[in-house]
Amino acid sequence: MDKKVLEAQQWVNKTYAGKAGYNPCPENGQTGWSTMFALTRALQIELGIATPSDSFGPTTESKLAALGDIGAGFSNKNIVNILSHALFCKGYWGGAGDGQYSITTMTAVKQLKSNMGLDETNGMVQPKIFKALLTMDAYVVVAGGTEKVREIQRWLNGRYHKRSSFNIGPCDGLYSRDVQKSLMRALQYEFGVADDAASGNMGPTTQNGLKAHEVGPGSSGIFVQLFSAACVFNDLKYKDGGDIVGVSFTSSYGGGLEKAVKAFQEFSCLEQVNGRGDYDTWCQLLVSMGNPDRKANACDTRFTITTARAKALKAAGYEVVGRYLDEEVLDPKYDLDKEIQPGELDQIFAGGMRVFPISQYHARKLGDFTYSEGYRHASKAHDRAESVYKFNRGSVIYFAVDYDATDPEITSNIIPYFHGIQAALSAKGKKYIAGVYGSRNVCQRVSDEAYARYSFVSGMSWGFSGNLGFSMPKNWSFTQIKEFKFSANGDTFDLDRDVMRGNDPGVGKDGIGGTSSPVDKMLDYIDALYAAAVRYGKGNPNELVCEFLRSPKYNSEYGPTLGTRNGWWLLLYEADSDWLKFAEKEVGKRMEDFKDPGYGVDLNLDHLAACANTVISKGSISGKSANRGDFAGWGGDLCTFYIEWRQAADSYASGYTFCQERLAKINVASSFSFGDLLEDVDGYLIGTAAGIKDKPINQLFRAHYTQASGFGRRFRDFYQKRYQGSMDVVRASANHMLEGMLSDDILQTMRQALFYTQGGAILVPNVIPDSKLNPFVDGYVDVFKKIMEQEK
């Protein structure tokens with residue numbers, strides 16, 4: 001509770017209680033929209049507006065403007081008090097609250113304007129400043145924000161705030177809907193659009209303006225600034241030597257920007273990968289559908305695809321079509337027959353196309369989304385996919401969110417719905433992989449928090465709040481860009497044009513009615529490697545298999561250095577070089593990764609094997625302490641992730657928030673990704689089984705990755721075996737790994753070396769206050785708990 005915010009709430013409620021149109025706010029000392037709305041209505045009452053509302057609209061602005069700028073000597077003391085209390089709610093010291101516009105108030109206003117990016121120094125408050133004060137916008141970097149984005153936000157405010165249709169935007173370092181609108185208006189102003197016609201929408205005038213202002217290497221000026229701003233907002237990066245570098249806001253189009261744009265064009269599957277800010281690239285940066293008329297190689301429809309239609313679509317350049325697994329009809333009058341019809345798959349394949357399955361039961365309003373409905377829908381989708389259509393194991397099913405879910409709704413309903421989906425698929429044996437259809441924000445958050453593997457983005461719904469101000473999710477596989485009527489040979493039906501990325505190619509004829517699994521090739525490889533280890537005749541075959549798989553990265557040639565070699569020779573041991581040469585001749589080319597059968601993410605065999613090898617060699621552990629097997633897996637990843645947090649402390653003061661936003665995510669690049677966690681867990685389980693049961697490790701791999709009792713409940717098994725089924729043990733072991741006194745002197749030395757060599761000048765865990773470290777550990781525990789509880 002903030003004392004000054006509480007005073008603001010008490011004052012406004014007491015002063016305007018009983019006034020027509022006033023709605024009191026809670027008196028809790030916490031800034032929120034209810035307080036800002038109360039202050040807005042109070043201002044409108046002072047301005048004589050008969051029907052106050054929560055909106056600071058044109059009438060409020062014009063009536064306030066008629067009173068002149070607010071400053072020293074302003075006659076309406078209540079308006080000054082509203083201003084002062086709004087400043088307090090924004091974190092500025094607004095004055096004594098006595099109705100006087102004091103030096104203190106003026107100083108606060110000057111600081112506010114500076115933070116907004118305005119160059120005015122007179123300390124006077126204009127209507128736009130007052131309007132901005134009565135929002136929840138922040139003008140300093142908040143959690144997850146960056147100074148790069150804030151620099152552009154301040155620049156936009158400073159350059160355009162005097163344009164009548166431009167509202168002062170936040171300067172919080174976050175790309176958002178309001179920031180996106182501000183950028184679009186800025187472009188329209190520079191194209192010569194009149195203030196009152198600058199809507200922030202992508203209309204014909206804006207499209208023509210973009211076509212006329214292509215930028216590229218050697219270009220400079222305002223349009224390079226606006227283009228680079230869009231690139232920063234979309235988080236474009238490029239490789240600079242061994243480093244990944246984000247683009248910067250600039251007025252000169254240099255080589256770094258060119259490299260980043262090429263990477264973005266490839267990521268977006270644009271036809272031209274030329275490193276230039278051409279029309280398609282401008283569109284892709286600015287709106288979710290990009291250029292709706294660009295080349296598209298996929299489609300989806302509710303209409304039956306016959307062989308003739310498939311051939312016509314194929315001739316038009318479409319390779320794959322999205323079709324519905326089922327339809328739940330509540331009223332026979334609205335039966336659309338949109339589900340895949342008997343024999344339709346054969347006709348699609350005969351026409352030379354593939355298919356990607358979609359599951360949608362209503363999904364058009366908030367009430368359609370609950371955990372229990374997600375469980376029910378996924379159970380039905382699984383049964384239809386398996387029993388009716390015979391889709392092979394590993395096929396991706398896209399579960400739909402077909403409305404503009406807001407961020408709070410995603411939290412309250414959409415995420416639980418997808419937790420239900422994952423639980424049902426887990427209970428059914430995890431034969432199928434969950435994908436998500438929805439806005440960019442829906443796809444991003446469901447992928448991050450409910451581990452949907454691929455995203456089918458509803459890009460053509462460019463006006464969705466979940467599309468404006470959000471970057472393309474990193475795991476996008478399909479994106480809708482245009483709805484139209486497809487015609488061929490006198491046949492016309494509705495079709496959505498989609499761009500296909502190729503990471504999920506859909507299902508072809510070979511994906512129906514078979515018994516193969518995505519991991520078969522990897523398991524055959526492990527069988528061959530184990531047989532070679534037996535033939536080698538020296539050492540433990542299980543350890544030899546792991547030695548070969550973990551080399552060279554997790555041996556002595558690469559990795560963090562301790563002396564002249566990396567730490568694995570010290571943490572574990574150096575692999576038998578004669579065996580490595582023997583195995584390479586026996587099995588040939590190394591297999592580096594494989595697709596996990598439960599989540600569809602790529603897993604690295606070398607990291608997984610290094611974890612397993614350490615557990616086999618040094619022993620597994622259960623309980624609150626930590627050993628080398630932990631450090632080779634989750635413990636080492638947690639320590640590295642701690643370093644990453646401390647190096648990002650300017651943007652993430654809270655370790656808990658950092659974990660919630662960056663730990664074990666499918667879409668977020670971090671030192672502890674979801675794939676890393678899967679490798680840690682699987683390495684521990686396989687290594688433990690190999691060490692205790694002394695079974696051939698190839699059999700353990702096969703059992704783990706082909707049986708739902710293996711990969712389908714890996715997190716629950718890990719929770720029971722490593723953490724004794726206790727979240728207190730999860731927390732205690734994480735604390736011990738980070739800052740405890742380790743009984744293994746070598747491990748103790750290696751952990752400290754990791755913190756000091758990779759962390760540089762960061763505060764190490766045993767020095768940082770508990771008030772900072774504990775939320776970080778709690779974040780790790782809560783993320784693990786959410787993932788584990790998805791399994792049934």
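**Figure 1. The loop that holds Pro552 contains a cis peptide bond.** Pro552 sits in the loop between helix 19 (541–550) and strand 11 (561–562); helices (H or I, at least four residues) and strands (E, at least two) are DSSP runs, numbered from the N terminus. The bond that is cis here runs from Ser551 to Pro552, and its omega is near 0°. A word on what you are looking at: this is a predicted model, in which local features need pLDDT of at least 70 and side-chain atom pairs count only at pLDDT 80 or more, while totals for chains, interfaces and linings use all residues. Residues are numbered from 1 along each chain as its sequence is written, and side-chain values use heavy atoms, with hydrogens and water left out.

**Figure 2. Asp235 and Asn489 are loop residues with positive phi.** Asp235 lies in the loop between helix 10 and strand 1 (237–240), and its phi is near 60°, a positive value in a residue other than glycine. With a relative accessibility of 39%, Asp235 counts as partly exposed; on this scale buried means under 20% relative accessible area, exposed over 50%, and partly exposed in between (1.4 Å probe, protein chains only). Now turn to Asn489, in the loop between strand 9 (476–488) and strand 10 (491–500). Its phi is near 55°, again positive in a residue other than glycine. Asn489 counts as exposed, at 79% relative accessibility.

**Figure 3. Leu226, Ile414 and Phe418 have the most contacts inside the largest nonpolar core.** This core has 98 residues; a nonpolar core is a set of buried Ala, Val, Leu, Ile, Met, Phe, Trp, Tyr and Cys residues joined through side-chain atoms within 4.5 Å. Its largest share, ten residues, comes from helix 10 (residues 222–233). A second, separate core of 94 residues includes Val545, Trp579, Ala689 and Phe715. Where does Ile414 make its contacts, once residues up to four places away in sequence are not counted? Ile414 touches Phe369, Val401, Tyr403, Ala405, Glu409, Val442 and Val446, contact meaning heavy atoms within 4.5 Å.

**Figure 4. Phe233 is a buried residue of helix 10.** Its relative accessible area is 4%, so Phe233 is buried. Leaving aside neighbours within four places in sequence, Phe233 is in contact with Val149, Ile152, Leu156, Tyr175, Val179, Leu183 and Ser471. The C-alpha atoms of Phe233 and Leu285 are separated by 8.5 Å, although the two are 52 residues apart along the chain.

**Figure 5. The structure holds seven cavities of 30 Å³ or more.** On a 1 Å grid over the protein atoms alone, a cavity is a set of points where a 1.4 Å probe fits but cannot get out, and its lining residues have an atom within 4 Å of a point. Grid points are joined across faces, edges and corners, and a volume is the space filled by probe spheres set on the points. The largest cavity, with a volume of about 70 Å³, is lined by residues including Tyr175, Leu285, Arg440, Trp462 and Phe470. Its lining divides into seven nonpolar, four polar and one charged; Ala, Val, Leu, Ile, Met, Phe, Trp, Tyr, Cys and Pro count as nonpolar, Asp, Glu, Lys and Arg as charged, and the others, Gly among them, as polar. The second largest cavity has a volume of about 60 Å³ and is lined by Glu449, Tyr451, Gln660, Lys665, Val783 and Lys786. That lining has two nonpolar, one polar and three charged residues.

**Figure 6. Helix 24 (residues 634–647) is mostly covered.** Twelve of its 14 residues are buried, among them Trp634, Phe641, Tyr642 and Trp645. Does its length agree or disagree with 1.5 Å a residue? The expected span is 1.5 Å times one less than the number of residues. For helix 24 that should be 20 Å, and the end C-alpha atoms are 20 Å apart, which agrees.

**Figure 7. Gly275 is buried in a loop between two helices.** The loop runs between helix 11 (255–267) and helix 12 (279–286), and Gly275 has a relative accessible area of 0% there. Apart from neighbours within four places in sequence, Gly275 is in contact with Pro217, Tyr253, Glu258, Val261, Lys262 and Gln265.

Terms used
1 Å grid on protein atoms, 1.4 Å probe; cavity = no way out; pocket = protein on both sides within 12 Å on 5 of 7 lines; lining within 4 Å.
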